[in-house]
Amino acid sequence: MHELSLREARTVAVSAQGLHLSTPAQGAHATLRALGCIQLDTINVVRRSHELVQLARGVAPSDARRLIDDADPPVLFEYWAHAASLIPLELWPLFGFRRRHYATRGWSGPTVDPAACDDVRAVLAERGA
């Protein structure tokens, strides 16, 4: 077993997150794929945290917004990974175990107002997925 110094541990952590690169990221989708997921946090004291993740890696705000709002075909999905996160679409099959669990055992999280679900379905029917 090899012990890391504090400096080595910091270097590994910064590099694993892609924050060591001197050139800007190759775009929002490349950043999302490299990280595997980006946790959503819509509290915006300075800026929303999922936007800051991209900005810290040199991704233009407009590119990050297009990734979420305008990608055609879609390249990500929002799902409960560890927390509410944006996840590359190619990882969708890996969450099948959770979807099957919900299908067979039902939802065990907070109570969801059926009227709210109806409202969301109506918006999706009107605007598309």
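Colleague: Which residues does Ala28 touch, not counting residues up to four places away in sequence?

Modeller: Ala28 touches Gln54, Val59, Asp63, Ala64 and Leu67, where contact means heavy atoms within 4.5 Å. The model is a predicted one, in which local features need pLDDT of at least 70 and side-chain atom pairs count only at pLDDT 80 or more, while totals for chains, interfaces and linings use all residues. Residues are numbered from 1 along each chain as its sequence is written, and side-chain values use heavy atoms, with hydrogens and water left out.

Colleague: Which residues make up the largest nonpolar core?

Modeller: That core has 10 residues: Ala28, Leu32, Ile38, Leu40, Val59, Ala64, Leu67, Val75, Leu76 and Leu86. A nonpolar core is a set of buried Ala, Val, Leu, Ile, Met, Phe, Trp, Tyr and Cys residues joined through side-chain atoms within 4.5 Å. Buried means under 20% relative accessible area, exposed over 50%, and partly exposed in between, with a 1.4 Å probe and protein chains only.

Colleague: Which helices each supply at least two residues of this core?

Modeller: Helix H2 (28-35) and helix H4 (61-69) do. Helices (H or I, at least four residues) and strands (E, at least two) are DSSP runs, numbered from the N terminus. Apart from this core lies another, of 5 residues, among them Phe77, Tyr79, Ala81 and Ile87.

Colleague: Turning to the sheet, what is the order of its strands?

Modeller: The sheet is open, with 3 strands in the order E1-E3-E2 and antiparallel pairing. Strands E1 (38-39) and E2 (76-80) are the edge strands, each pairing on one side only. Two strands pair if DSSP finds at least two bridges between them.

Colleague: How many bridges join E1 to E3?

Modeller: There are 2 bridges between E1 and strand E3 (residues 84-88). Gln39 has Ser85 in E3 as its bridge partner.

Colleague: How many salt bridges are there?

Modeller: The count comes to 3 salt bridges, each being a side-chain nitrogen of Lys or Arg within 4 Å of a carboxyl oxygen of Asp or Glu. One of them joins Glu90 and Arg33, at 2.6 Å from N to O. Glu90 lies in the loop between E3 and helix H5 (96-105) and Arg33 in helix H2, so the pair ties together parts that are 57 residues apart in sequence.

Colleague: Is Arg33 buried or exposed?

Modeller: Arg33 is exposed, at 52% relative accessible area, whereas Glu90 is partly exposed, at 41%.

Colleague: What does Arg66 form a salt bridge with?

Modeller: Its partner is Asp63, with the closest N and O atoms 3.9 Å apart. Both residues lie in helix H4, 3 residues apart, about one turn of the helix.

Colleague: Where is the cis peptide bond?

Modeller: It joins Asp72 and Pro73, with omega about 5°. Pro73 lies in the loop between H4 and E2. In general, most peptide bonds are trans.

Colleague: How much space lies in the largest pocket?

Modeller: About 430 Å³, a volume being the space filled by probe spheres set on grid points that are joined across faces, edges and corners. On a 1 Å grid over the protein atoms alone, a pocket is an open set of points where a 1.4 Å probe fits, with protein on both sides within 12 Å along at least five of seven lines; lining residues have an atom within 4 Å of a point.

Colleague: Which lining residues are the closest to its centre?

Modeller: Of the 19 residues that line the largest pocket, they are Leu67, Ile68, Asp69, Asp70 and Leu76. H4 gives the most to the lining, with 4 residues.
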